[in-house]
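This report describes the fold of a single protein model, from its sheets to selected residues. Please keep the sequence and the structure in view while reading.

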Amino acid sequence: MVKSDSTDARLPRRSGATTARTDVSIRGVTHAYGHAGPPVLSGVDLEIASGEIVALIGRSGSGKSTLLHIVAGLLKPKDGAVWIGGQRVQKPSADWVMMFQSPSLFPWMNVAQNTGLGLRYAGQRAGAAARIAEVLALVDLAALADRNVQDLSGGQQQRVALARSIATEPGLLLLDEPFSALDIFTRRALQNDVRRIAQTLGLTLVLVTHDVAEAVQMADRSVLLAEGGRITADTPITLTEADRHTHSRDFQKEVTRLRTLYSEVAGMG
Ligand SMILES: Nc1ncnc2c1ncn2[C@@H]1O[C@H](COP(=O)(O)OP(=O)(O)OP(=O)(O)O)[C@@H](O)[C@H]1O
Ligand SMILES: [Mg+2]
């Protein structure tokens with residue numbers, strides 16, 4: 001989708017970030033809502049290497065969003081803790097960004113202004129215009145920089161949200177079903193582009209999804225969160241980049257393998 005190799009090469013690495021490594025260590029995370037609520041997460045342990053792309057898959061209500069909010073420092077677990085780059089997570093940080101199903105753009109700002117919001121809040125004025133241009137090229141929106149975001153399609157709006165997320169050079173992207181509202185073609189293009197962008201920038205990526213094919217398309221590893229809040233399967237996805245498309249026989253084999261496994265361990269496939 002994006003053919004901006006020369007632009008990729010110019011993009012700065014994580015020079016301004018406070019933590020160069022962004023490995024994620026989730027240890028004994030347990031959560032329930034309210035005083036007497038049922039357990040949502042029950043002693044979740046998960047180690048994610050810096051630069052790894054992990055899909056967190058599970059049925060509706062299995063606790064995926066809860067876990068992602070805890071990793072992001074937006075929710076305090078009842079027990080256990082999360083470390084990112086060796087630092088214990090206590091609150092949100094500029095070193096990681098969460099992206100949701102809805103792009104949450106400001107309708108009175110154009111594409112470039114929305115993209116630069118995080119830079120503005122962080123007080124990063126020097127070089128902001130060049131950085132905005134670079135990330136818009138990376139998400140294939142360079143031609144639409146001056147466009148009002150209300151005039152964009154849903155997929156283009158999600159691209160703006162992605163550009164805004166990566167503009168501040170976070171080391172970790174947490175994606176909570178960001179493609180689920182999009183049609184299948186837009187979705188496939190974004191899935192490919194997000195994987196390529198994460199690899200280009202060396203980002204660690206945690207992607208919440210219901211969709212086994214999405215996990216296989218995007219991730220290096222798929223982790224199943226079963227009801228009751230336990231991880232019941234943790235599987236590497238070893239497809240080559242060339243095979244990460246739905247027409248590939250190996251892709252289909254991998255989807256079938258995971259669906260069979262998930263239906264055995266969680267009645268989900
Ligand atoms: N703020 C809240 N207050 C009380 N219960 C909540 C709250 N948020 C989530 N829950 C409950 O916690 C459980 C896990 O919810 P969570 O949103 O983490 O699931 P999920 O796996 O992300 O589901 P989905 O795939 O539908 O997004 C559910 O039973 C849900 O009803
Ligand atoms: Mg959710």
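## Basis of the description

The model is predicted, so that local features need pLDDT of at least 70 and side-chain atom pairs count only at pLDDT 80 or more, while totals for chains, interfaces and linings use all residues. Residues are numbered from 1 along each chain as its sequence is written, chains are lettered from A and ligands numbered from 1 in the order in which they are written, and side-chain values use heavy atoms, with hydrogens and water left out.

Helices (H or I, at least four residues) and strands (E, at least two) are DSSP runs, numbered from the N terminus. Two strands are paired if DSSP finds at least two bridges between them.

## The six-stranded sheet

Six strands form an open sheet in the order β6-β7-β8-β3-β9-β10, and the pairing is mixed. The edges are taken by β6 (96-99) and β10 (230-236); each has a single partner strand, so one side of each lacks a neighbour in the sheet. From one strand to the next, the twist averages 15°. At one end of the order, β6 runs parallel to β7 (residues 172-176), and four bridges join them. M99 has L175 in β7 as its bridge partner.

With β10, β9 pairs in the antiparallel sense over six bridges; L224 stands opposite A233 of β10. These two strands, β9 and β10, form a hairpin with three residues between them, and G228 in the turn has a positive phi of about 95°.

Helix α7 (residues 184-201) lies across β3 (53-57), β7 and β8 (204-209), at about 140° to β3. Such angles run from 0 to 180 degrees between N-to-C directions, with axes fitted as lines to C-alpha atoms, for helices over the stretch in contact. Helix α9 (residues 249-266) lies across β3, β9 (221-226) and β10, running at about 160° to β10.

From its first C-alpha to its last, the 18 residues of α9 reach 25 Å, close to the 26 Å expected at 1.5 Å a residue, where the expected span is 1.5 Å times one less than the number of residues. Its residues F251, E254, V255, L258 and Y262 are buried. They lie on the same side of α9 because they cover an arc of only 100° around the axis, taken from the directions from the helix axis to the C-beta atoms. What covers them includes β3, α8 (212-218), β9 and β10. The face turned away from the buried side of α9 carries the exposed residues R249, K253 and E264.

## The four-stranded sheet

A second open sheet has the order β2-β1-β4-β5, with antiparallel pairing. Its edges are β2 (39-48) and β5 (87-88), each with a single partner strand, so one side of each is without a neighbour in the sheet. Helix α2 (residues 64-72) packs on this sheet and touches β1 (24-32), β2 and β4, its direction making about 125° with that of β1. Strand β4 (residues 79-84) is joined to β5 by two bridges in the antiparallel sense, and I84 has Q87 as its bridge partner.

## Selected residues

L205, in strand β8, is buried with a relative accessible area of 0%. Apart from neighbours within four places in sequence, L205 is in contact (heavy atoms within 4.5 Å) with E52, I53, V54, L172, L173, L175, V194 and A198. N114, in helix α3 (residues 111-115), also counts as buried, at 0% relative accessibility. Its contacts, with neighbours within four places in sequence left aside, are L105, F106, M109, V149, V160 and R164.

Q90, in the loop between β5 and β6, is exposed with a relative accessible area of 62%. The C-alpha atoms of Q90 and G73 are 5.7 Å apart, with 17 residues separating them along the chain.

Notes. Buried < 20%, exposed > 50% of the residue type's maximum accessible area, 1.4 Å probe, protein only.
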